[in-house]
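Subject: Structure handover

Hello,

Here is the structure I promised to pass on. My notes follow below it.

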Amino acid sequence: MSEMYAGSFDQLDGISGAPAPPVTLGPYSATVTAGGLVFVSAQAGVDPDTGAVPPGGFEAECKQAFANLVQAVASAGVGAPDIVKVTVLYSEPDGFPTVNSVFASFFPERPPARTSAIVQLAGGKRIAVDAIAVAADRGRA
């Protein structure tokens with residue numbers, strides 16, 4: 001297993017009650033706040049405590065990836081409604097309906113812009129999602 005990094009800059013200073021940022025698998029930050037935006041690195045559909053893919057197939061992995069994404073934005077002091085752009089990378093050729101369903105459940109109102117692509121992901125993962133959010137003090141129009 002590769003070395004794991006607890007990654008993010010000092011953008012969490014002064015944020016009361018923010019959860020810890022997700023652990024990254026490389027020398028990069030889970031979140032970076034710059035210019036009033038929060039950039040979230042790709043979040044895979046793995047349990048953050050165990051690193052294991054949850055049981056239940058592709059849908060369960062999708063739900064876990066989006067839950068990890070929400071945790072990542074929360075670590076930067078913003079929430080799912082502040083997300084303005086999501087990129088969904090997935091490896092299941094027939095997975096588009098599942099991705100749409102899970103995406104809609106996490107963003108039931110005012111969904112963010114989205115790009116989706118079918119790709120081969122490292123480590124046999126089937127989905128990874130990243131995002132850009134508006135910092136809490138800027139608000140989403």
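Strands β3 and β4 make a hairpin, with two residues between them. G35 sits in the turn and has a positive phi of about 60°. Bear in mind that this is a predicted model.

β3 covers residues 31–34 and runs antiparallel to β4, with four bridges joining the two. Within that pairing, T33 stands opposite V38 of β4.

The loop between β3 and β4 holds G35. Is G35 buried or exposed? G35 counts as exposed because its relative accessibility is 69%, and the cut-off for exposed is over 50%. In sequence, G35 and V134 are 99 residues apart. In space, their C-alpha atoms are 9.3 Å apart.

β4 also pairs with β7. Those two strands run antiparallel and are joined by six bridges.

Next, the helices. Two packed helices are described by the angle between their axes and the distance between the axes. For α1 (residues 57–75) and α2 (residues 96–106), the angle is about 35°. Their axes lie 10 Å apart. The crossing of α1 past α2 is right-handed.

Which residues make the contact? From α1 come F58, E59, C62, K63, F66, A67 and V70. They meet T98, V99, V102, F103 and F106 of α2. By type, the residues of this contact divide into nine nonpolar, two charged and one polar.

Now the core. The largest nonpolar core has 24 residues. Those with the most contacts inside it are F66, L69, I83, V86, V88 and I127. Five elements each supply at least two of its residues: β4 (37–44), α1, β5 (83–90), α2 and β7 (127–134). Which element gives the largest share? That is α1, with seven residues.

F66 links two of these topics: F66 belongs to the α1 side of the helix contact, and F66 is also among the core residues with the most contacts.

V88 is worth a look on your screen. Leaving out residues up to four places away in sequence, V88 touches F66, V99, R114, T115, S116, A117, I127, A128 and V129. Of these, F66 and V99 also take part in the contact of α1 with α2, while I127 is another of the core residues with the most contacts.

Best wishes

How values were computed:
Residues are numbered from 1 along each chain as its sequence is written. This is a predicted model: local features need pLDDT of at least 70, side-chain atom pairs count only at pLDDT 80 or more; totals for chains, interfaces and linings use all residues. Side-chain values use heavy atoms; hydrogens and water are left out. Axes are lines fitted to C-alpha atoms, for helices over the stretch in contact, and angles run from 0 to 180 degrees between N-to-C directions. A crossing is left-handed if the near helix is turned anticlockwise from the far one by less than a right angle, and right-handed if clockwise. Contact means heavy atoms within 4.5 Å. Ala, Val, Leu, Ile, Met, Phe, Trp, Tyr, Cys and Pro count as nonpolar, Asp, Glu, Lys and Arg as charged, and the others, Gly among them, as polar. A nonpolar core is a set of buried Ala, Val, Leu, Ile, Met, Phe, Trp, Tyr and Cys residues joined through side-chain atoms within 4.5 Å. Buried means under 20% relative accessible area, exposed over 50%, partly exposed in between (1.4 Å probe, protein chains only). Two strands pair if DSSP finds at least two bridges between them.
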